[in-house]
Amino acid sequence: MSIARFWRETPRRYNLGGSKCTMCGTVYFPPRAVCPTCAHHRESIGKMVPFQLSGDGEVFSYTTVHEAAEGFEMQVPYVLALVRTVEGPILTGQIVDLAPEEVRIGLKVRATFRKLREEGRAGVIHYGYKFAPAEELPGPRPGGPRAAVGARTAPESDRASA
Ligand SMILES: [Zn+2]
(Lines give C-alpha, C1' and ligand atoms only; values in the text may rest on other atoms or scores of the structure.)
Protein backbone atom coordinates (compact mmCIF):
# COMPACT_ATOMS: atom_id res chain seq x y z
CA MET A 1 0.00 0.00 0.00
CA SER A 2 1.31 3.46 -0.85
CA ILE A 3 1.94 5.97 1.88
CA ALA A 4 -0.50 8.40 0.27
CA ARG A 5 -3.31 5.87 0.29
CA PHE A 6 -2.54 4.93 3.87
CA TRP A 7 -2.89 8.50 5.05
CA ARG A 8 -6.12 9.02 3.14
CA GLU A 9 -7.52 6.08 5.09
CA THR A 10 -6.03 7.19 8.38
CA PRO A 11 -9.05 8.91 9.96
CA ARG A 12 -11.00 5.68 10.08
CA ARG A 13 -7.96 3.60 11.04
CA TYR A 14 -7.33 5.80 14.03
CA ASN A 15 -10.76 6.95 15.04
CA LEU A 16 -13.04 4.10 14.00
CA GLY A 17 -15.08 6.84 12.37
CA GLY A 18 -18.10 5.34 10.67
CA SER A 19 -21.44 6.73 9.65
CA LYS A 20 -24.98 6.38 10.95
CA CYS A 21 -28.24 6.55 9.03
CA THR A 22 -30.51 9.03 10.78
CA MET A 23 -33.54 7.43 9.13
CA CYS A 24 -33.19 3.86 10.43
CA GLY A 25 -30.31 4.15 12.91
CA THR A 26 -28.02 1.61 11.24
CA VAL A 27 -24.29 2.23 11.82
CA TYR A 28 -21.71 1.57 9.11
CA PHE A 29 -17.97 1.11 9.16
CA PRO A 30 -16.29 2.09 6.92
CA PRO A 31 -18.67 5.03 6.49
CA ARG A 32 -21.21 4.94 3.68
CA ALA A 33 -22.95 7.74 1.79
CA VAL A 34 -26.13 5.74 1.19
CA CYS A 35 -27.98 3.40 3.56
CA PRO A 36 -28.56 -0.04 2.00
CA THR A 37 -30.79 -1.00 4.94
CA CYS A 38 -33.45 1.62 4.24
CA ALA A 39 -36.17 0.44 1.88
CA HIS A 40 -35.77 3.53 -0.30
CA HIS A 41 -32.02 3.91 -0.51
CA ARG A 42 -32.04 7.29 -2.20
CA GLU A 43 -34.01 8.85 0.64
CA SER A 44 -31.02 8.20 2.91
CA ILE A 45 -28.70 10.37 0.78
CA GLY A 46 -27.80 13.38 2.89
CA LYS A 47 -29.19 11.66 6.00
CA MET A 48 -25.95 9.86 6.85
CA VAL A 49 -24.01 11.47 9.70
CA PRO A 50 -20.48 10.75 10.99
CA PHE A 51 -20.54 8.26 13.83
CA GLN A 52 -17.73 7.32 16.20
CA LEU A 53 -17.55 3.64 17.07
CA SER A 54 -16.59 2.91 20.68
CA GLY A 55 -14.26 0.06 19.71
CA ASP A 56 -16.05 -2.32 22.08
CA GLY A 57 -17.29 -5.62 20.73
CA GLU A 58 -17.01 -9.37 20.89
CA VAL A 59 -15.34 -12.05 18.82
CA PHE A 60 -17.79 -13.31 16.20
CA SER A 61 -15.40 -15.60 14.33
CA TYR A 62 -11.65 -16.07 14.23
CA THR A 63 -8.79 -17.92 12.61
CA THR A 64 -5.23 -18.53 13.76
CA VAL A 65 -2.67 -17.45 11.18
CA HIS A 66 0.51 -19.50 11.12
CA GLU A 67 2.03 -18.24 7.89
CA ALA A 68 2.33 -14.51 7.95
CA ALA A 69 2.13 -12.07 5.10
CA GLU A 70 5.19 -9.97 4.32
CA GLY A 71 5.85 -7.56 7.14
CA PHE A 72 4.10 -9.76 9.74
CA GLU A 73 6.85 -12.41 10.02
CA MET A 74 7.68 -11.61 13.62
CA GLN A 75 4.14 -12.07 14.85
CA VAL A 76 3.09 -15.63 13.95
CA PRO A 77 1.05 -17.36 15.12
CA TYR A 78 -1.56 -14.66 15.58
CA VAL A 79 -5.32 -14.58 15.62
CA LEU A 80 -7.29 -12.67 13.03
CA ALA A 81 -10.87 -12.14 14.18
CA LEU A 82 -14.17 -10.79 13.02
CA VAL A 83 -15.38 -8.57 15.84
CA ARG A 84 -19.02 -7.60 16.09
CA THR A 85 -19.00 -4.12 17.60
CA VAL A 86 -21.65 -3.07 20.12
CA GLU A 87 -22.91 -0.61 17.50
CA GLY A 88 -23.38 -3.37 14.92
CA PRO A 89 -20.67 -3.23 12.24
CA ILE A 90 -18.30 -6.20 12.05
CA LEU A 91 -14.61 -5.28 11.92
CA THR A 92 -11.64 -7.44 11.01
CA GLY A 93 -8.62 -7.19 13.26
CA GLN A 94 -5.81 -8.97 15.03
CA ILE A 95 -6.34 -10.13 18.62
CA VAL A 96 -3.46 -9.05 20.87
CA ASP A 97 -2.46 -9.49 24.54
CA LEU A 98 -3.85 -13.03 24.54
CA ALA A 99 -2.45 -16.43 23.56
CA PRO A 100 -4.07 -17.73 20.33
CA GLU A 101 -5.48 -20.79 22.16
CA GLU A 102 -7.28 -18.54 24.65
CA VAL A 103 -9.32 -16.72 22.01
CA ARG A 104 -12.94 -17.89 21.82
CA ILE A 105 -16.23 -16.91 20.24
CA GLY A 106 -17.99 -14.31 22.35
CA LEU A 107 -14.80 -12.96 23.94
CA LYS A 108 -15.30 -9.30 24.87
CA VAL A 109 -12.67 -7.17 23.20
CA ARG A 110 -11.80 -3.50 22.80
CA ALA A 111 -10.01 -1.76 19.95
CA THR A 112 -6.51 -0.58 20.74
CA PHE A 113 -4.07 1.21 18.47
CA ARG A 114 -0.92 -0.72 17.70
CA LYS A 115 1.82 -1.05 15.16
CA LEU A 116 0.39 -2.97 12.22
CA ARG A 117 3.47 -3.63 10.14
CA GLU A 118 6.75 -2.34 8.91
CA GLU A 119 6.93 -1.82 5.21
CA GLY A 120 9.97 -2.76 3.19
CA ARG A 121 13.46 -1.38 3.42
CA ALA A 122 12.17 2.15 4.02
CA GLY A 123 10.95 0.89 7.39
CA VAL A 124 7.65 2.74 7.20
CA ILE A 125 5.67 1.75 10.27
CA HIS A 126 1.90 1.56 9.96
CA TYR A 127 -0.40 1.85 12.93
CA GLY A 128 -4.01 0.86 13.17
CA TYR A 129 -6.53 -0.84 15.39
CA LYS A 130 -6.15 -4.27 16.90
CA PHE A 131 -8.32 -5.88 19.56
CA ALA A 132 -7.32 -6.67 23.14
CA PRO A 133 -9.39 -8.60 25.72
CA ALA A 134 -11.81 -6.34 27.62
CA GLU A 135 -12.64 -8.86 30.36
CA GLU A 136 -10.83 -10.87 33.00
CA LEU A 137 -10.36 -14.45 31.87
CA PRO A 138 -11.44 -17.24 34.25
CA GLY A 139 -8.90 -19.70 35.60
CA PRO A 140 -5.22 -19.36 36.49
CA ARG A 141 -2.95 -17.77 33.94
CA PRO A 142 0.21 -19.56 32.81
CA GLY A 143 3.14 -18.53 34.99
CA GLY A 144 0.74 -17.40 37.71
CA PRO A 145 1.26 -17.59 41.48
CA ARG A 146 0.33 -21.26 41.77
CA ALA A 147 3.95 -22.36 42.28
CA ALA A 148 4.14 -20.29 45.47
CA VAL A 149 1.33 -22.27 47.14
CA GLY A 150 2.48 -24.67 49.91
CA ALA A 151 4.66 -22.76 52.39
CA ARG A 152 7.72 -24.61 53.56
CA THR A 153 8.06 -25.44 57.24
CA ALA A 154 11.28 -26.28 59.05
CA PRO A 155 11.57 -30.06 59.47
CA GLU A 156 11.60 -31.00 63.19
CA SER A 157 13.56 -34.16 62.43
CA ASP A 158 16.75 -32.04 62.22
CA ARG A 159 16.68 -31.55 66.00
CA ALA A 160 15.92 -35.18 66.77
CA SER A 161 19.16 -36.32 65.21
CA ALA A 162 21.28 -33.93 67.29
ZN1 LIG B 1 -31.14 3.60 6.88
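Which residue in E6 is the bridge partner of Val 83?

Modeller: The bridge partner of Val 83 in E6 is Leu 91. Before going further, two remarks on the model are needed. Residues are numbered from 1 along each chain as its sequence is written. The model is predicted: local features need pLDDT of at least 70, side-chain atom pairs count only at pLDDT 80 or more, and totals for chains, interfaces and linings use all residues.

The names of the elements come from DSSP runs, numbered from the N terminus, where a helix is H or I over at least four residues and a strand is E over at least two. The protein chain has two helices and eight strands, and along the sequence they follow the pattern α-β-β-β-β-β-β-β-β-α.

The part in question is the pair E5 and E6. Strand E5 covers residues 78-85 and strand E6 covers residues 90-95, and the two pair in the antiparallel sense over six bridges. Strands are said to pair if DSSP finds at least two bridges between them. In general, strands of a sheet pair through backbone hydrogen bonds, either parallel or antiparallel. E5 and E6 form a hairpin with four residues between them. In the turn, Gly 88 has a positive phi of about 125°.

Asp 97, in the loop between E6 and E7, has a positive phi of about 65° although it is not a glycine. Most residues other than glycine have a negative phi. Asp 97 is exposed, because 12 other C-beta atoms lie within 10 Å; the cut-offs are 20 or more such atoms for a buried residue, 12 or fewer for an exposed one, and anything in between for a partly exposed one, with C-beta atoms placed from the backbone.

In soluble globular proteins, nonpolar side chains tend to be buried together.

Two residues are in contact if their C-beta atoms, placed from the backbone, lie within 7 Å. Leaving aside neighbours within four places in sequence, Ala 81 is in contact with Val 59, Ser 61, Tyr 62, Gly 93, Ile 95, Val 103 and Phe 131.

Phe 60 is partly exposed, because 15 other C-beta atoms lie within 10 Å. The C-alpha atoms of Phe 60 and Thr 92 are separated by 10.0 Å, and these residues are 32 apart along the chain.

Finally, for the chain as a whole, buried residues make up 19% of the 162 residues. Among contacts with a separation of 6 or more, 49% join residues 24 or more positions apart.
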